[in-house]
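Subject: Structure handover

Dear colleague,

Here is the structure I said I would pass on. My notes on it follow below.

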Amino acid sequence: MQVQHSLWSLIGLPMNSATEWTLHEKFDRVRAAGFEGVECWLSDEDEQANAEALRERGLRLTLGHHPHTLADVRATMARAKRLGADFVFAQPLNPFCPVPEAAAFCKEARHVANEEGLAFFVETHRNNVPESLNQALALIECWPEIRFTGDFSHFVVVGEFYGLEYERAVERMMPVLSRTSHLHGRISNGEAVQVDVGDGSGQTAQFFVSIWTAVMRAWRAEAGPGDVFPFASELGPPRYAITLPDGKEFSDRWEQSLVMKRLAEQAWAAS
């Protein structure tokens, strides 16, 4: 397992400070905390600064993007090749796109990525395909070979799962979990998409550990020598992060990102 940190998650840190960490300070802290890579969404304007800062610290790079056309995919693959990214994940199209059309697009997008020697995963995320478990299951019917980036905070909040036994959440999600090659570490309580889980010992966090363990166990059953399973701690700034009426955050996203890392390691050991 390779544990990464999201660049997006580092926005606005340290918590409620008047002065944000510089890019170099952020990456220094990521490296010192034991993360091995950073997950980035990059543009022509910020590509060079981020790539250089990562290289200086020996941190790996993953690229995310939100493609609406194959031209978008090709542009991101060119950036990924240029920067030596390990793989690319996508939040494709929009949730109103017919599933057969979305499946055809994602299949062709992966073909574009594979031609460049890159793995391509489709993220489970609201406001794209798939944004719900039912939509993901329909996508699998159209394209059984799909591989996912699993951000299951979205499925849990859309499905209003609380992690109760009668919900059979892991069982219902298993067709997706067994096709997941990359995880995002964010935890939902079934109502809010991102919640503080304290030290991670509570029921809400441990429900996600059970989801992640199922993913990792299925992945390991098919993995070969040298295969790497990436997990990215991804806790978004406001408006993902809940704030007080004055706009201040009351959950320390940096400290919680370390909890996500530890929970991922717990799931990996259990798998």
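Two strands are taken to pair if DSSP finds at least two bridges between them. Helices (H or I, at least four residues) and strands (E, at least two) are DSSP runs, numbered from the N terminus. The model is predicted, so local features need pLDDT of at least 70 and side-chain atom pairs count only at pLDDT 80 or more, while totals for chains, interfaces and linings use all residues. Residues are numbered from 1 along each chain as its sequence is written, and side-chain values use heavy atoms, with hydrogens and water left out.

The barrel

8 strands close into a barrel, in the order β1-β2-β3-β4-β5-β6-β7-β8, and the pairing is parallel. From one strand to the next the twist averages 30 degrees (axes are lines fitted to C-alpha atoms, for helices over the stretch in contact, and angles run from 0 to 180 degrees between N-to-C directions).

Strand β1 (residues 2-6) is joined to strand β8 (residues 230-233) by 4 bridges, and the two run parallel. Within that pairing, Val3 has Phe231 of β8 as its bridge partner. Strand β2 (residues 37-40) is also parallel to β1, with 3 bridges between them, and Ser6 stands opposite Glu39 of β2. Between β1 and β2 the chain passes through helix α1 (residues 23-32), and this β-α-β crossover is right-handed (with the strands pointing away from the viewer, the path from the first strand over the helix to the second runs clockwise).

Of the 5 residues in β1, 5 are buried (buried means under 20% relative accessible area, exposed over 50%, partly exposed in between, with a 1.4 Å probe and protein chains only). Gln2, Gln4 and Ser6 point one way from β1, while Val3 and His5 point the other way.

The core

The largest nonpolar core has 76 residues (such a core is a set of buried Ala, Val, Leu, Ile, Met, Phe, Trp, Tyr and Cys residues joined through side-chain atoms within 4.5 Å). Helix α8 (residues 203-222) gives the most to this core, with 10 residues. The residues with the most contacts inside the core are Phe152, Ile187, Ile211 and Trp212. Leaving aside neighbours within four places in sequence, Ile187 is in contact with residues including Val193, Val195, Phe208, Trp212, Met260 and Leu263 (contact means heavy atoms within 4.5 Å).

Helix packing

Helix α7 (residues 169-177) and α8 have axes that come within 10 Å and cross at roughly 35 degrees. This crossing is right-handed (a crossing is left-handed if the near helix is turned anticlockwise from the far one by less than a right angle, and right-handed if clockwise). Ala169, Val170, Met173, Met174 and Leu177 in α7 meet Phe207, Ser210, Ile211, Ala214, Val215 and Ala218 in α8.

Helix α4 (residues 99-115) and helix α5 (residues 133-142) pack at an angle of about 60 degrees, their axes 9 Å apart. The crossing of α4 and α5 is right-handed. Val99, Pro100, Ala102 and Ala103 of α4 make the contact with Gln135, Ala138, Leu139 and Cys142 of α5.

Two residues to look at

Cys142 lies in α5 and is partly exposed, with a relative accessible area of 41%. Not counting residues up to four places away in sequence, Cys142 touches Val99, Pro100 and Ala103.

Leu42 is found in the loop between β2 and α2 (47-57) and is buried, with a relative accessible area of 14%. Beyond its neighbours within four places in sequence, Leu42 is in contact with Leu7, Glu47, Asn50, Leu63, Arg79 and Leu83.

Backbone points

Most residues other than glycine have a negative phi, and most peptide bonds are trans. A cis peptide bond joins Leu13 and Pro14, with omega about 5 degrees; Pro14 is in the loop between β1 and α1. Another cis peptide bond joins Val129 and Pro130, with omega about 0 degrees, and Pro130 is in the loop between β5 (119-123) and α5.

Glu160 has a positive phi near 50 degrees. Glu160 lies in the loop between α6 (152-158) and α7 and is partly exposed at 43% relative accessible area. Arg168 has a positive phi of about 55 degrees, sits in the loop between α6 and α7, and is partly exposed at 39%.

Regards
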